[in-house]
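Hello! I am passing a structure on to you, and below it you will find my notes on what turned up. Please open it first and keep it beside you as you read.

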Amino acid sequence: MRITLCMVMLGTLILVLGCRFGPLSSGPAPAEQPGATAERAVTQAPAAAQAEPPQADEALTGQITYSLDGNIHFMDLVEREPRQLTMGGVPETEAGLRFGCPSFVDQETLLFLRWESDDQWHVTSRTIASGSIESEWDAITEVPYPTALGWSTFFEEVFALWQIEEGMEPGDDFGALLQLCAYDGDVVTDLEGIRSWFGGVSINQARIRVSPDGAMVSIPNFPTDVSDFYVLHDLETAGQVELLPQEVLGSLYITALDFGDGTVYGAINDITEEQAWGNGLYRLDLETFEHEKILALDGSHGIAVSETLQLAVMSTAEDDLILVDLATGNSQRIGRGTDPDIWPR
């Protein structure tokens, strides 16, 4: 893969990641089944079993972050007391300021997207921001309309999708071509061949994930204004990695992706009448497509996995946050929120 380096001075990024911040904005406080036609095995797990709710190991101090009604929230998985971090955000159904796609950089630092829209719901500005969980928040840098966001612990870089197609007004990017880029505060790297396009996007479905070994990246693909799903790319070759057998494409959709250590997890939406696969959280086998179902769950739109904690947190279309034990499939609703992230990874 040929990589083009564009020297763009964004040195404030690295400086601010370790600093305290001033206020960002004002506002009010807040068994097995055969797979569909493919006859592939799908290992079933208990459907939302409630015998023993999953609990994080207190010594690991697990925590999650998520967005809710336009603001970023935080929750320690031991105390289970939610805390709102940003103020002044509004739901996506309203014009104004929104915060979303929160991503842990470390135990105390988050990245997130800050979007603003006018009365016509046109996005007028997009900013990547960062701050400490224990402090106030502030924008750190503006890039050309970032549409998706992720942090790579392997590369120690920010990954983002932004508009590259010429001849379109900033913010008016319906149908625009989007390029995956990485930047470390000094240099922006275009990852050529890894692209998406804007067909209507929610700030709560704009997550980029990079595998712990830096080999693969998942990016949101926005084909229409009513359907969002995720695709997987090999970072070395830029080639797309198949997630589902060809014969079920168009019947099954990947609505969220995350990585463990050598493992890929996905939320699958099954729109067939037979529901041979069924909706839920899966551990994906990219060689045989014999994906193992961990939990049956309808309408999942976000997942974050910690194999260190052996936990996953998922968000549903109804904005429920579900905590899942990866070993047993036991689950528990822990509140409301969308597009969660989890620490430690």
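**What I found**

In strand S17, Val 231 is the bridge partner of Ile 219. Before we go on, please note that this is a predicted model, in which local features need pLDDT of at least 70 and side-chain atom pairs count only at pLDDT 80 or more, while totals for chains, interfaces and linings use all residues. Residues are numbered from 1 along each chain as its sequence is written, and side-chain values use heavy atoms, with hydrogens and water left out.

First, some terms. Helices (H or I, at least four residues) and strands (E, at least two) are DSSP runs, numbered from the N terminus. Two strands pair if DSSP finds at least two bridges between them.

Back to that bridge: strand S16 (residues 216-221) and strand S17 (residues 229-234) are joined by six bridges and pair in the antiparallel sense. They belong to an open sheet of four strands, ordered S15-S16-S17-S18, with antiparallel pairing. Its edge strands, S15 (209-210) and S18 (240-241), each pair on one side only.

Now the whole chain. Of its 345 residues, 57% are buried (under 20% relative accessible area; exposed is over 50%, and partly exposed is in between, with a 1.4 Å probe and protein chains only). The accessible surface is about 14700 Å², and carbon and sulfur atoms account for 49% of that; such areas come from the Shrake-Rupley method with a 1.4 Å probe, and for residues only the protein chains shown count as cover.

S7 and S8 run antiparallel with seven bridges, and they form a hairpin with four residues between them. Phe 104 has Leu 110 in S8 as its bridge partner. S8 and S9 are also antiparallel, joined by nine bridges. Five residues separate S8 and S9 in their hairpin, and Trp 121 in the turn has a positive phi of about 65 degrees. Eight of the nine residues in strand S8 (residues 109-117) are buried.

How many aromatic pairs does a search of the whole structure find? There are seven, where rings of Phe, Tyr and Trp (its six-membered ring) pair if their centres lie within 6.5 Å; planes under 30 degrees apart count as stacked, over 60 as edge-to-face and the rest as tilted. One of them joins Phe 104 and Trp 343, and it is tilted because the planes meet at 45 degrees, with the ring centres 6.2 Å apart. Phe 104 lies in strand S7 (residues 96-104) and Trp 343 in strand S27 (residues 338-343), so this pair ties together parts that are 239 residues apart in sequence. Phe 104 is buried at 4% relative accessibility, and Trp 343 is buried at 19%. Ring pairs also link Phe 154, Phe 155 and Phe 159 into a cluster.

Is Glu 134 buried or exposed? Glu 134 counts as exposed because its relative accessibility is 56%. You will find Glu 134 in the loop between strand S9 (123-132) and strand S10 (137-141).

Finally, the cysteines. The structure holds zero disulfides, a disulfide being a pair of cysteine sulfur atoms within 2.5 Å. Cys 101 is buried at 0% relative accessibility, and Cys 181 is buried with a relative accessible area of 0%.

Happy exploring!
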